[in-house]
Amino acid sequence: MHAVSAPPEEPVRESVASVCCYCGTGCGVRVHVQNGQVTSISGDESHPSSRGRLCSKGMALAATVRDDDSRVLGAQGRTQKDAERRPIALSDAYELAAAKLAEVIRRDGPDAVGFYLSGQLLTEDYAVFNKFARGLVGTNNIDTNSRLCMSSAVMGYKLTLGADAPPACYEDLDHADTVLIAGSNMAYAHPVLYQRLAVAREKRPEMKVVVIDPRRTSTCDLADLHLPIAPGTDVALFHAMLNVLVWDDLIDKAYIENHTQGFEALKRRIHEFTPNAVERICGIPAADIIRCAHWFGRAKSALSLYTMGLNQSSSGTDKNAALIHLHLATGQLGRPGSGPFSLTGQPNAMGGREAGGMATLLPGHRDPKEASHRAEVAAIWGVHSLPETPGLPALEMFDAVLDGRIKVLWIAATNPAQSLPNQAKVRAALAKAEMVIVQEAFVGTETLAYADLILPAATWPEKSGTVTNSERRISRVRAAIRPPGDAQPDWKLVCEVAKRLATKIAPEKRSLFDYSGEAAIFAEHVATTAGRDLDYSALDYDVLEAQGPQQWPYRAGAVESKRLYADGLFPTASGRARFLDVAYTAVADAVSAQFPVALTTGRLRDQWHTMTRTGLVPALTRHEEMPQLHLHPLDMRRFRLNEQGLARVRSRRGEVYLPAASDDSVKPGQAFIPMHWGSAFLSGNGVNALANDARDPISRQPELKHSAVRIEPAAFAWQAVAWLRGGIASLRARLNHWLLVFPYAVIVPTALGGEGVRLHLGAHEPPDTATLERLLAELSLDHADMAFDDPARGRLRRLRRDGQSLVAFLLAGDIRAQDALLAWAQSGMPPENPALVLAGRGPTVRRASVVCTCENVSDAALEQAIAEGQDLDQLKANLKCGTGCGSCVPQIKQMIQRAKSREHAA
């Protein structure tokens, strides 16, 4: 008889509800898992904040879930700064951290320790870190990268409305009559909210949308009016708008009288800010200022949406306050479709602030300067007292490391060796610290190069907890799979070190970190909110499981608060909101004859922060494949730059080399560089080598958004380009040392040919033969299928193929064939005469650029369809573009409009 084989086991499938780990929109996701592996991601239609929508980054999350050489899978450490790190047991890493902390605390005091955290941590992680720093170590030196993005918004809210509490909600996008978008490219930075606004606009075409931004961004696709103000002049604009509102009797005098204070002083201030005067400051027509003010003042409901363009400034608090003044003067808050709405940049910057994860905060929106607030938190934590000495905000913390006051710096889930301004100074500080502890999930971050101890952290979707989004909505983040290797949730790593440190310096506190799990941490955390403006002390994991995400405040027996301050009562001593007498202050880094260009930075559509996670997804590089400098065509000629010609960009702090791209969305005299490109992808110290570290005197937020720069052609006599197919993480690990060899070097992930990397190198003279031979070997082109070499002149032209498919190529000293070879890599179809192409004598090839990342639709395909007469709906139906996340729709509309303009001109 033949044995009957057992039927194959059915795969174990499940779908886990969680939240996206990128921006502060807080989109709900479903993580689909089979046999312990994430197979796909979809939007969660039941989540009230996103209603099933995701952006291109959220839709690609499954491709970032890895257990390969892109991940930190175990602890590494060294006991001497000049030694190599080596793998160590996790228990030894805990002991090494605890021993060094104990040594420094005994020798130099607790303020010789600093903690630099991240808005990507969960609230539970923040709560444990804060308790560790303040309750055990005994320092207020705990801050977060939220200092770089949200601290001016925080202070703007606190000083005017009384609390760090956005008063509006996402539903207000559906009801607003006038929407003022200031310093936010929503189409790229908050695409799901932008799409929701676009849908609302289609349903209510009478809605007026104003975009205030120096550049004409994709967000301007919705705009009835674009105000391209000079960088940093927002306060002058808002004062002029208030001047118009007062002059034309569009203010709500009763609201001002009954619910505010300080208006008369501000009214005197704005008297001189007439539209005509501000026209000269902002560089926009006075008539447009008046029109914007009238739309705002005459609207039944006026909503403002704003983010980094206001916040990342040396006067960011004043900018936030000046915008909020418009709402207070017109009574435009606390009702549907109205209010000043700060859009949070990170997934849990809000939750971190609620947990007191900043030097200037304690849990529950308390103030560490207040003795009663310190006593309240100490009682909840079960410690005798909390430290009185003020803590250092982010940049001041790094200053203290550099001058020797801080000896040990613990960094978690953030990448300051890319994201902080004035990188030369930041890196000098990291190199000087006695010990840098880095708690990290991915190996590609610039900061790891400075780590003396690396702790392997779990990341999304391997950990559980909660986050709070921009509309004050708390959602559960749920682990869908187990962490790889020795990786642990951040709070567990902290607790293990805390218990060992307590044994050494305060044994009675060891039990403070014996948590049974995330639910226990959350329960302790919500107790700190009781009786406070954000009170959600009645919330627990059971409620979140049974009822889904909830907005705060969430008090026992209270009704849901979609909007705040509907009753006109504010959490201030007087119960009134406050007008502030703020002056207009120009940018800190003024343009000059030596530095004549105003540089701004911002986001790419499909990338996020320092690309630690998004850089693992080849598809997300399709829309903008390489770092580049965006300049107006007039400035391209002014600085003698050819399209994609290399430029040297220099500020008062550093320099970077980049290809220049002609871009008429940038005004003459200004420039734009995406913020994402650090030294993990680009030679030198990255884009933020240029950035200004001047700080807002109140929020201590740096002016990352503006730097004065000088631009000139880069005199590189030799260039090389290469492409190699293979796994991104392993190829970058193998090739990234070339970023240190050449004055200009770029190594970026690419989707061409499936998955791989692209290189672009530049030098003042050809490298020697030995260097070229090493480059060939590392590109696996030392034994090529086709070669045209002249090494004495620095010229190498080689390719390797597998049948019809291209596997790798290098063009050194002669890069004319680049586009043709990249087109071959992209299409899989070789040219008719590959040898002729490699020699640089082939026909000119125009390589298509991807517009729709979700469906991989190119500009060539769109141009052809548009030429055939297809409108947007037909393009969506036939090419499927714009049917995924929708982020490409503004660009497609621009292409349709340009085609119509050409047709009319003809």
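Here are some notes on a pocket, a helix, a hairpin and several salt bridges in this predicted model.

1. Let's start with the second largest pocket, which has a volume of about 760 Å³. It is lined by 29 residues, and those closest to its centre are Val443, Gly444, Thr445, Ala449 and Asn736. Helix H24 (residues 728-735) gives the largest share of that lining, with three residues. Sorted by class, the lining has 14 nonpolar, ten polar and five charged residues.

2. Helix H12 (residues 286-298) is worth a look for its geometry. From first C-alpha to last, its 13 residues reach 18 Å, close to the 18 Å expected at 1.5 Å a residue. The buried residues of H12 are Ala286, Asp288, Ile289, Cys292, Ala293, His294, Phe296 and Gly297.

3. Next, the hairpin of E17 and E18. Strand E17 (residues 465-468) pairs with strand E18 (residues 473-477) in the antiparallel sense over four bridges. Gly465 stands opposite Val477 in E18. Four residues sit between the strands, and Arg472 takes a positive phi near 65°. On E17, Gly465 and Val467 point one way while Thr466 and Thr468 point the other, yet all are buried.

4. On to the salt bridges: a search of the whole structure finds 60. One of them joins Arg353 to Asp164, with the closest N and O atoms 2.6 Å apart. This pair links distant parts of the chain, 189 residues apart: Arg353 is in helix H15 (residues 349-354), and Asp164 is in the loop between helix H5 (151-160) and strand E8 (178-182). Are these two partners buried or exposed? Arg353 counts as buried because its relative accessibility is 2%, and Asp164 counts as buried because its value is 5%.

5. Arg648 and Glu712 form another salt bridge, their closest N and O atoms being 2.8 Å apart. Since Arg648 lies in strand E23 (residues 646-650) and Glu712 in strand E26 (residues 706-713), the pair ties together parts 64 residues apart in sequence. Both ends are partly exposed, Arg648 with a relative accessible area of 23% and Glu712 with 24%.

6. Finally, a network: salt bridges that share partners join Glu396, Asp399, Lys425, Asp693, Arg695 and Arg700.

Key
Residues are numbered from 1 along each chain as its sequence is written. This is a predicted model: local features need pLDDT of at least 70, side-chain atom pairs count only at pLDDT 80 or more; totals for chains, interfaces and linings use all residues. Side-chain values use heavy atoms; hydrogens and water are left out. On a 1 Å grid over the protein atoms alone, a cavity is a set of points where a 1.4 Å probe fits but cannot get out, and a pocket is an open set with protein on both sides within 12 Å along at least five of seven lines; lining residues have an atom within 4 Å of a point. Grid points are joined across faces, edges and corners, and a volume is the space filled by probe spheres set on the points. Helices (H or I, at least four residues) and strands (E, at least two) are DSSP runs, numbered from the N terminus. Ala, Val, Leu, Ile, Met, Phe, Trp, Tyr, Cys and Pro count as nonpolar, Asp, Glu, Lys and Arg as charged, and the others, Gly among them, as polar. The expected span of a helix is 1.5 Å times one less than its number of residues. Buried means under 20% relative accessible area, exposed over 50%, partly exposed in between (1.4 Å probe, protein chains only). Two strands pair if DSSP finds at least two bridges between them. A salt bridge is a side-chain nitrogen of Lys or Arg within 4 Å of a carboxyl oxygen of Asp or Glu.
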